Amino acid sequence: MAIETATPVIELRHVDKHYGPLHVLRDINLSVAKGEVLVVIGPSGSGKSTMCRTINRLETIDSGEILIEGTPLPQEGKELAALRAKVGMVFQSFNLFAHKTILQNVTMGPIEVLHTPREQAEAEAMELLRRVGVDSQAAKVPAQLSGGQQQRVAIARSLAMHPTAMLFDEPTSALDPEMINEVLAVMVELAQEGMTMVVVTHEMNFARRVANRVVFMADGQIVEQNSPDEFFDHPQSQRAKDFLESIKGH
Amino acid sequence: MSANVSMRDALYEAPGPKTRRRVAIGTGISVVLLLGLIAFVIRQFYVNDQLNPRYWSFFARWTTWRFLLRGLAGTIRVAFTAGIIAMILGLLLMLGRISHNRPLSVACHVITDLFRSLPSLLLIYFFFLVIPKYGLRMPSFWMITVPVALAASGVLAEVFRAGVNAVPKGQSEAAMALGMTHGKITRKIVLPQALRIVVPSLVSQLVVVVKDTTVAYVVSYPDLMQNARVLISNYDALVSMYFVVALIYIAINYATNQFSIYLAHREGTSIMSRTTENPV
């Protein structure tokens, strides 16, 4: 697949992070081009979620550099908030605002951060909710929705910010099996529309079908990266072979 | 979700036949003991001539009740004002403590712990005996209200902080990811949820405020307790008067507790499973 050679949307350079004695990220170097769908896989504890969270600084790093569209990630304050606004994030546990309606969840960002007028924000939000198929639930609160519906709302909430890239941190891991596909379908559609995506997931079929590149992590390191077909059919490292063997049949 | 599972359900195993029998026997024994205790109290009252009409007859007079009710109004005025001040101050102390401004945070932490650990009587003496020496004279209403409010604000700051800590971390992370600033996240996401969580404990904390007001006699503020003391010396009726006053305090605090239970249920259901009312 042709990847533009312009400034990468997301770039990590020599990123290191420790949790006490635990070296969770070891010299991570990664760049994500515009429109690219990057899927990160690996055994649990490999640091893939942590890496995903460093990209909008929900996790700090000890050394190295993270750039969003060529701009170093600010350390704090309004500059950091402004950069976060450009990178959407979807969490494993949805994290919808429990005290707000579905519609208010989606309009929160545009109204509070982008200062979009309320009517416009609500119209856009309804359009997004229609796209992810939960517009009929707009007046409810998150606890009244199924996990799959909540996660689709969470995606709509991120999209409402018109992000330049989206991070997905195990978006289907907390879902009942029958709800995984409805969320993946929304993500596939996003990918086809050219959204730049970093997806941490265990959904191998999704990775094979949608990813431009698969990154395999283990013990805080990027062990190998390749096109999905190459990676799944001809893994190079022993770690990747073992991992793929262990999840066969899933 | 689990909002309707009460603590009792969660920690309570349904009893089997043996346990049920044991519970029945225990209940029987306690009822007998309780009745015995009541009989003993009444007997002691009788033996000590406390049931003599001269200790009770003045309760038939309206003036007695009017005087007590005036005291009750004083108690409620102090408790209410102190409660409001304590809530505002407690909220500010908590916000200061969780702020990213280090000196402010430390200062609020120290003040919170200070108010929390000082007995309210000590604070009252401070406002009653020490502060006037430095030229600040306050009416007796404020001499009781301010120290009671200060003492409660320390506790309430901790109640609020517990509420803030009880809001799942994912809520503020999601807000951060949207690009909201720390202040906005606190105002729009964390505080509204934290307040809902703490409303019940907040109200039951007001019971403590009501009880604290009873030391108003120190500053001669005419609250329920102070007025009861006046009546006691007038009628020389210590036991009967304290008995009635105790019942009034129990009634106030029982009502307050019921209110907090009501709020707990209402808030619990409204946040977890609000139905389709509240349309957009």
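The legends below describe close-up views of a predicted model.

**View 1. Salt bridges around Arg53(A).** Arg53(A) forms a salt bridge with Glu173(B), the closest N and O atoms being 2.6 Å apart. Because Arg53(A) lies in helix α1 (residues 48–54) of chain A and Glu173(B) in helix α7 (residues 169–177) of chain B, this pair joins two chains. Arg53(A) is buried, with a relative accessible area of 12%, and Glu173(B) is buried at 8%. A salt bridge also links Arg53(A) to Glu59(A), with 3.1 Å between the closest N and O atoms; Glu59(A) is buried as well. The network of salt bridges here consists of Lys17(A), Arg53(A), Glu59(A), Lys169(B) and Glu173(B). A search over all chains finds 22 salt bridges.

**View 2. The salt bridge between Arg239(A) and Asp219(A).** The N to O distance in this pair is 2.5 Å. Arg239(A) belongs to helix α9 (residues 238–246) of chain A, and Asp219(A) to the loop between β9 (213–218) and β10 (221–226) of chain A, so the contact ties together parts that are 20 residues apart in sequence. Both residues are partly exposed: Arg239(A) has a relative accessibility of 40% and Asp219(A) of 43%.

**View 3. The open sheet of chain A.** Four strands are arranged in the order β2-β1-β4-β5 (chain A), with antiparallel pairing. At the edges are β2 (22–32) and β5 (71–72) of chain A, each pairing on one side only. Seven bridges connect strand β1 (residues 10–19) of chain A with β2(A) in the antiparallel sense. Tyr19(A) has Leu22(A) in β2(A) as its bridge partner.

**View 4. Strand β6 of chain A and its parallel partner.** Strand β6 (residues 87–90) of chain A is covered on both faces, with Val87(A) and Met89(A) buried on one side and Gly88(A) and Val90(A) buried on the other. The strand runs parallel to β7 (residues 165–169) of chain A, to which four bridges join it. Val90(A) has Phe168(A) in β7(A) as its bridge partner.

**View 5. A nonpolar surface patch on chain B.** The patch has about 1100 Å² of accessible area together, and its members include Val31(B), Leu35(B), Phe40(B), Tyr46(B) and Leu51(B). Leu35(B) is found in helix α2 (residues 17–47) of chain B and is exposed, with a relative accessible area of 54%.

**View 6. The two domains of chain B.** Domain 1 covers 15–48 and domain 2 covers 62–267. Their C-alpha centres lie 36 Å apart.

Note on methods:
Residues are numbered from 1 along each chain as its sequence is written. Chains are lettered from A and ligands numbered from 1 in the order in which they are written. This is a predicted model: local features need pLDDT of at least 70, side-chain atom pairs count only at pLDDT 80 or more; totals for chains, interfaces and linings use all residues. Side-chain values use heavy atoms; hydrogens and water are left out. Patches are made of residues with over 30% relative accessible area and no salt bridge: like charges are joined within 9 Å, nonpolar side chains (Val, Leu, Ile, Met, Phe, Trp, Tyr) within 5 Å. Accessible areas come from the Shrake-Rupley method with a 1.4 Å probe; for residues, only the protein chains shown count as cover. A salt bridge is a side-chain nitrogen of Lys or Arg within 4 Å of a carboxyl oxygen of Asp or Glu. Buried means under 20% relative accessible area, exposed over 50%, partly exposed in between (1.4 Å probe, protein chains only). Two strands pair if DSSP finds at least two bridges between them. Domain bounds come from an automatic or database domain assignment.
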